[in-house]
Amino acid sequence: MVTQSPVDTFTIRGRTVLVKRDDKMRLKGSGISGNKARKLYTFNATPADQLPDLVVSHGGAQSNAMLALAAVATSKGKRFRYYTKAVGRWLRRTPSGNFARAMALNTEIIEVHAEDYASAFGGSDGPPRAPSPDICPEGAMWVPQGGACADAEAGLKMLADEIAEYWGQHSGEREGREKELVVVVPAGTGNGSTTAAFLNRHLRPHGNISVATVPCVGGADYLSRQMRRVLGAPLEPLPEILDGASALSSSTAAALNTGKRGAPSSLRKRSGTPVFGAPRAELLAVWQELKDLGLFVDLLYAARAWEVLFETWAADTSPSAGADAEGGGEGGDEGAPRGARLLEGRTLMYVHCGGLEGVSSQLTRYRHLGLLEADAVQ
Ligand SMILES: *Cc1c(COP(=O)(O)O)cnc(C)c1O
């Protein structure tokens, strides 16, 4: 069982990219991988007799966090109860993907109407609520959405330490600005974004390492608020946010990103930040391109992160070498996606967050929508 993950090198669109293979690490006992394994590291390492008999959480019906929690709880002989909004008749009748796997692990899945869900757990934008005892009985273990245990930081610090150690050993092989490492990681929602926020906390102090994150659920402004909340330290620097040319292209996005809370969801959808989880031909093309290079990623988070990275690269005037990127003038690049300057000339490390269990059910959705030939991808 590997708890340290390797770093692989890929050449993507002519650039050298380091990939931190958290998809390849496995936690003892539960066997979970990816960033959920980092977040649940402490839970996974806690002896069963020190844990209550019931674990309770909530979130989406195909969530990676749900499956990871189910695996850890089961490996410890614990019950796992999970609240989700309407599952849908189709999924109930023909369970697939993470939902089917969680059911196979005896997860007690409880469907809640949207309004009740919001009042029980807070809206997606609201502060997390301590659940009432009829949802999480006294003494049970409560895990907020996304597997953001209070002790998620310990496992993410281990990831940060592995990255810092790797860069300590390898930065000497690089020249000029390439000695600086930019670590890119996708960001989730709610108590998500935990990964990016804590990675930044533990990597920044190394000086030659910065962290950038791509909001996959909601826009940049929303993500900043989530990260502030997760960190609980108002003055702590946040990771750089990359949201690509597509999110910048609309003036609505600019208006929304100036900090107004609670913009109507219809506007958010038109603002250029694509709806999370919705199949799109562009996303599939990015995913397929990476797959053809031998980099197999998930379709929800990683494909969006790479779509944004490609847009950011396209706006980055210096090619891979980037030795002459110095003195390019900070901040004067009207119209360039956020973060183009940050990536310029620096070494890029992408953190592969796993989530590969969900890929086949996502591809099924692409097939149903006619975005993928029935026999195109095995
Ligand atoms: C959960 C998840 C993320 C997002 O992580 P957060 O800590 O919620 O930001 C990214 N990628 C994959 C594959 C995930 O499962």
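**Before selecting**

This is a predicted model, in which local features need pLDDT of at least 70 and side-chain atom pairs count only at pLDDT 80 or more, while totals for chains, interfaces and linings use all residues. Residues are numbered from 1 along each chain as its sequence is written. The term pLDDT denotes the predictor's confidence in each residue, from 0 to 100. Its mean for the protein is 86, and 84% of the residues reach 70 or more.

**The whole chain**

Display the chain as a cartoon. Of the 378 residues, 42% count as buried. A residue is buried if 20 or more other C-beta atoms lie within 10 Å of its own, exposed if 12 or fewer, and partly exposed in between, with C-beta atoms placed from the backbone.

**The open sheet**

Select strands E3, E4, E5 and E6. These four strands form an open sheet in the order E5-E4-E3-E6, with parallel pairing; two strands pair if DSSP finds at least two bridges between them. Why is one side of E5 and of E6 left without a neighbour in the sheet? Strand E5 (108–112) and strand E6 (141–143) stand at the edges and each has a single partner strand, so one side of each has no neighbour there. From one strand to the next, the twist averages 20°.

Now zoom in on E3 (residues 54–58), which pairs with E6 in the parallel sense over three bridges. Val55 stands opposite Met141 in E6.

**The core**

Select Leu69, Val183 and Leu199. In the largest nonpolar core, which has 83 residues, these three touch the most other members. Such a core is a set of buried Ala, Val, Leu, Ile, Met, Phe, Trp, Tyr and Cys residues joined through C-beta atoms within 7 Å. Helix H3 supplies the largest share, nine residues. Domain 1 (7–25 + 151–368) and domain 2 (41–147) both give residues to this core, so it lies between them; the bounds come from an automatic or database domain assignment.

**Leu223**

Move to helix H9 (residues 220–231), where Leu223 is placed. Leu223 is buried, because 27 other C-beta atoms lie within 10 Å. The C-alpha atoms of Leu223 and Ser193 are 7.1 Å apart in space, although the two residues are 30 residues apart in sequence.

**Two loop residues**

Most residues other than glycine have a negative phi. Arg13, in the loop between strand E1 (7–12) and strand E2 (15–21), has a positive phi of about 50°. Asn106, in the loop between helix H5 (97–104) and E5, has a positive phi of about 65°. Asn106 counts as exposed because it has 11 C-beta neighbours inside 10 Å.

**Stretches to read with care**

Finally, select residues 249–270, where pLDDT stays under 50, and residues 320–332, where pLDDT also stays under 50. Where pLDDT is low, the predicted coordinates should not be read in detail.

Definitions and conventions. Axes are lines fitted to C-alpha atoms, for helices over the stretch in contact, and angles run from 0 to 180 degrees between N-to-C directions. Two residues are in contact if their C-beta atoms, placed from the backbone, lie within 7 Å.
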